Amino acid sequence: IEQCRRELESEGQDMADRVPLGIMIEVPAAAVIAHHLAREVDFFSVGTNDLAQYTLAVDRGNPLVASLYAPLHPAMINLLSRISNAGQAEEIDVTMCGEMAGEALCLPVVLGLGYRTLSMNPSSIPLIKAMVRCLSVSACEELVESLRDLPTTEEIEDITRTALRGMILATEVEPILESLFDDPSMMGEIDDESLLESDEEDGVD
């Protein structure tokens, strides 16, 4: 980067005094040393698709092992916690992209781990926005603390599902999520016009 700056300066090109530098965290090795990397950059973007694939040694595109792909695996929660903590310690932005960012069941865990900026498929946005309006950050943080020592994905998913049911009780998203609870991945497009309308009314982007 400094070499590029020198080359541009030698050409007399205009440039910003400072260009923010960030990195993608997509492999376990980067997650494990996130506390070192955070000192060298201005922001992290966590790519959960690849991070889960390389952490769990599961190719989502291979039908023989795709069922083993589990974003709420204990190892994933551990690594995501490391990354978030490293970013907070160095006061840099930490964002999340990938399917995990748009999964309803994962959302309380993601928020509880400290992630606040999420990138996802457009079809997931209305539901996730509506859920964010209904969830309590402190409740999500308490949930994450209860998950840290659990040894299996099944236990983590069960406790998260139970906690999420309590968090959304009597909210606008309860009827929608109830129809998804039978889907283990908690994924699915929604066509609820009321959520789309509330986005417009609240000025949510």
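Modeller: Contact here means heavy atoms within 4.5 Å. The model is predicted, so to speak, by record: local features need pLDDT of at least 70 and side-chain atom pairs count only at pLDDT 80 or more, while totals for chains, interfaces and linings use all residues. Residues are numbered from 1 along each chain as its sequence is written, and side-chain values use heavy atoms, with hydrogens and water left out.

Colleague: What percentage of the contacts in the protein chain with a separation of 6 or more comes from residues 24 or more positions apart?

Modeller: The protein chain holds 11 helices and four strands, where helices (H or I, at least four residues) and strands (E, at least two) are DSSP runs numbered from the N terminus. Among its contacts with a separation of 6 or more, the share from residues 24 or more positions apart is 61%.

Colleague: Which face of helix 9 do its buried residues line, and within what arc do they fall?

Modeller: Helix 9 covers residues 153-167, and its buried residues (under 20% relative accessible area with a 1.4 Å probe, protein chains only, whereas exposed means over 50% and partly exposed lies in between) are Thr153, Ile156, Thr160, Arg161, Leu164 and Met167. Seen down the axis of helix 9, with directions taken from that axis to the C-beta atoms, these residues line one face because they fall within an arc of 130°.

Colleague: Which exposed residues does helix 9 carry on the face turned away from its buried side?

Modeller: The buried residues of helix 9 pack against helix 5 (74-90), helix 6 (107-112), helix 7 (125-134), helix 8 (137-147) and helix 10 (174-178). The face turned away from that buried side carries Glu154, Thr162 and Gly166.

Colleague: Is Leu180 buried or exposed?

Modeller: Leu180 lies in the loop between helix 10 and helix 11 (193-202), and its C-alpha is 9.5 Å from that of Leu105, although the two are 75 residues apart in sequence. Because its relative accessibility is 11%, Leu180 counts as buried.

Notes. Expected span 1.5 Å × (residues − 1).
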